[in-house]
Amino acid sequence: GADIVATQAGTFRHSKPNKHWVESSQKRYMPVAEDSVVGIVTQRFGENFQVDILAARPATLSGLAFEGATRRNRPQLQVGALVYARVISAHRDVDPEIACVDANDKASGYGPLTGGFNFEVTTGMARALLAHPTSPVLAALGKHLAYEIAIGQNGRVWVDSGDVQTTILVSNAITNARFLSGKQAEAMVEKLVQRILKG
């Protein structure tokens, strides 16, 4: 068979049928087609938007890459707006392209993110939060609190609970869980929730 040579440090992972990768925690995101990302609109040009997805190059988001969008009816995103999107094209020498629809042109959770709070974690932490079964910190938070979350494989996370105190608690718990075991993460969440209930 062919030899596989790693070009970066990390943990070797494998999934069936024939997918292999090296998982590493890094701040710089390397776009991969079909990844879900949380991006920030940095510029508008014509019908398109330039979006920061924490990669070496900004991504391009078409104004028509939203469910039901037409030339007359498309989102009017402002600079600074957050979007949850899917990487549709990623090549080394070209800006990546993203879309706020799935492969069937349905929103499927993708689109503008309003309100809430966004923060950054490492790409490894983002993958751990997205893993199945549910991450221990997210499972523990979900037992006690109601909130919405969008986790980008690019390391940007958006959280909204409708309540500033709860949103900050969720954000802090996720950030603090990086080096904790599952049991430690559950205990930390219990302590944070008790503080809110007493306060």
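**Ile 53 and its surroundings**

Residues up to four places away in sequence aside, Ile 53 touches Tyr 29, Pro 31, Val 37, Val 38, Gly 39, Ala 59, Pro 96, Ile 98, Asn 154 and Arg 156, where contact means heavy atoms within 4.5 Å. The model is predicted, so local features need pLDDT of at least 70 and side-chain atom pairs count only at pLDDT 80 or more, whereas totals for chains, interfaces and linings use all residues. Residues are numbered from 1 along each chain as its sequence is written, and side-chain values use heavy atoms, with hydrogens and water left out.

Ile 53 belongs to the largest nonpolar core, which has 28 residues; Ile 53, Val 51, Leu 61 and Ile 98 are those with the most contacts inside it. Such a core is a set of buried Ala, Val, Leu, Ile, Met, Phe, Trp, Tyr and Cys residues joined through side-chain atoms within 4.5 Å. Buried means under 20% relative accessible area, exposed over 50%, and partly exposed in between (1.4 Å probe, protein chains only). At least two residues of this core come from each of β3 (36-45), β4 (48-52), β5 (59-66), β6 (82-91) and β7 (94-100). The greatest share, five residues, is given by β6. A second, separate core of 24 residues includes Leu 129, Ala 140, Ile 151 and Ala 185. Helices (H or I, at least four residues) and strands (E, at least two) are DSSP runs, numbered from the N terminus.

Strand β3 pairs with β6 in the antiparallel sense over five bridges; two strands pair if DSSP finds at least two bridges between them. Within this pairing, Val 37 has Ala 85 of β6 as its bridge partner. Five bridges also join β3 to β4, again antiparallel, with Val 41 partnered by Val 51 in β4. These two strands form a hairpin with two residues between them, and Gly 46 in the turn has a positive phi of about 60 degrees. On β6 lies Ser 89, which counts as buried because its relative accessibility is 15%. Its contacts beyond four places in sequence are Pro 96 and Glu 97.

Another sheet is open and has three strands in the order β9-β11-β10, with antiparallel pairing. Strands β9 and β10 (148-151) stand at the edges with a single partner strand each, so one side of each is left without a neighbour in the sheet. Four bridges connect β9 to β11 (residues 156-160), and Phe 117 is partnered by Val 159 in β11. Phe 119 lies in β9 (residues 117-120) and counts as buried because its relative accessibility is 9%. Beyond four places in sequence, Phe 119 is in contact with Gly 155, Arg 156, Val 157, Val 159, Ser 171, Ile 174 and Thr 175.

Ala 185 of the second core is also one of the buried residues of helix α4, together with Met 188, Val 189, Leu 192 and Val 193. These residues cover an arc of only 130 degrees around the axis, which puts them on the same side of α4; the arc is that of the directions from the helix axis to the C-beta atoms. An α-helix has 3.6 residues a turn, so residues three or four places apart point the same way. Lys 183, Lys 191, Leu 197 and Lys 198 are exposed on the other side of α4. The cover over the buried residues of α4 includes α2 (136-144) and α3 (164-176).
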